[in-house]
Amino acid sequence: MKVFESLDELVGAAGTELGPTDWLEIDQARVNQFAEATEDRQWIHVEPERAASGPFGGTIAHGLLTLSLLPYFSHHLYGVKGISLAVNYGYNKVRFITPVKVGARIRARAVITDVAELAGAAQSTVTITVEIEGSEKPAAVAESIIRYIA
C-alpha cells in the first residue's frame, strides 16, 4: 500500500501506479447479502441451480457489488496522512467488462490520473481496474473521485 505523507505529496502524485491488492474471493453468501440489501434478487445472482444452466454457467456477482468494493480496494491501494476526512465524491466512466462468477477471486490495481489542489483540500481521480484471477479481461474499470480535506 502506498502512503502519501501529506496532501502536498498527493497533489504531486498524478501518474502514480498503485497495487495490486490482495485477492478477495466472491462467495455466494456475499452475493446473497448484496441481493437482499439492494432488493436485486435476479436468478443469475441468487439461484445457483438455475444459473448453472444459464449464460454464465453459474451465479455471478452483481456489477454494482463489484463497484461497491472499490472503497475496500482503495483503502488497500493507498492512504493519505494528515487529513481530517476523505469523502467519496463520485465515479466517472464505470464499465462492467467481465462478469465475476461466484467463487472467483478479484483484486484491484489503479493509477492516479489527476489530483486537483483545492482550498484546504485535494481531489484525486483514480482509475481503478478490478481484475479477475485467471481472466485476461478485467471485471470492471472505473474512475473514482475522492476529496481529501485537511
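Helix α2 spans residues 28-38 and has Q28, V31, F34 and A35 as its buried residues, where buried denotes under 20% relative accessible area, exposed over 50% and partly exposed the range in between (1.4 Å probe, protein chains only). Viewed down the axis of α2, these buried residues fall within an arc of 125°, so they line one face of the helix; the arc is taken over the directions from the helix axis to the C-beta atoms. Q33 and A37, on the other side of α2, are exposed. The cover over the buried residues of α2 includes α3 (43-46), α4 (48-52) and α5 (63-68). Helices (H or I, at least four residues) and strands (E, at least two) are DSSP runs, numbered from the N terminus.

The model is predicted; local features need pLDDT of at least 70, side-chain atom pairs count only at pLDDT 80 or more, and totals for chains, interfaces and linings use all residues. Residues are numbered from 1 along each chain as its sequence is written, and side-chain values use heavy atoms, with hydrogens and water left out.

The largest nonpolar core comprises 35 residues, a nonpolar core being a set of buried Ala, Val, Leu, Ile, Met, Phe, Trp, Tyr and Cys residues joined through side-chain atoms within 4.5 Å. The residues with the most contacts inside this core are L10, I26, Y78, V100, I106 and I112. At least two core residues come from each of α1 (7-11), α2, α5, α6 (70-77), β4 (78-80), β6 (105-118), β7 (121-132) and β8 (140-149). When neighbours within four places in sequence are left aside, L10 is in contact (heavy atoms within 4.5 Å) with F4, V80, I112, V115, A122 and Y148. In soluble globular proteins, nonpolar side chains tend to be buried together.

The peptide bond joining G19 and P20 is cis, with omega about 10°, and P20 is placed in the loop between β2 (17-18) and β3 (24-25). E39 follows α2 and lies in the loop between α2 and α3. Although not a glycine, E39 has a positive phi of about 65°; its relative accessibility is 56%, and E39 thus counts as exposed. In strand β5, K93 likewise is a residue other than glycine with a positive phi, near 45°, and K93 is exposed at a relative accessible area of 60%. Strand β5 (residues 85-96) also contains V87, which is partly exposed, with a relative accessible area of 32%.
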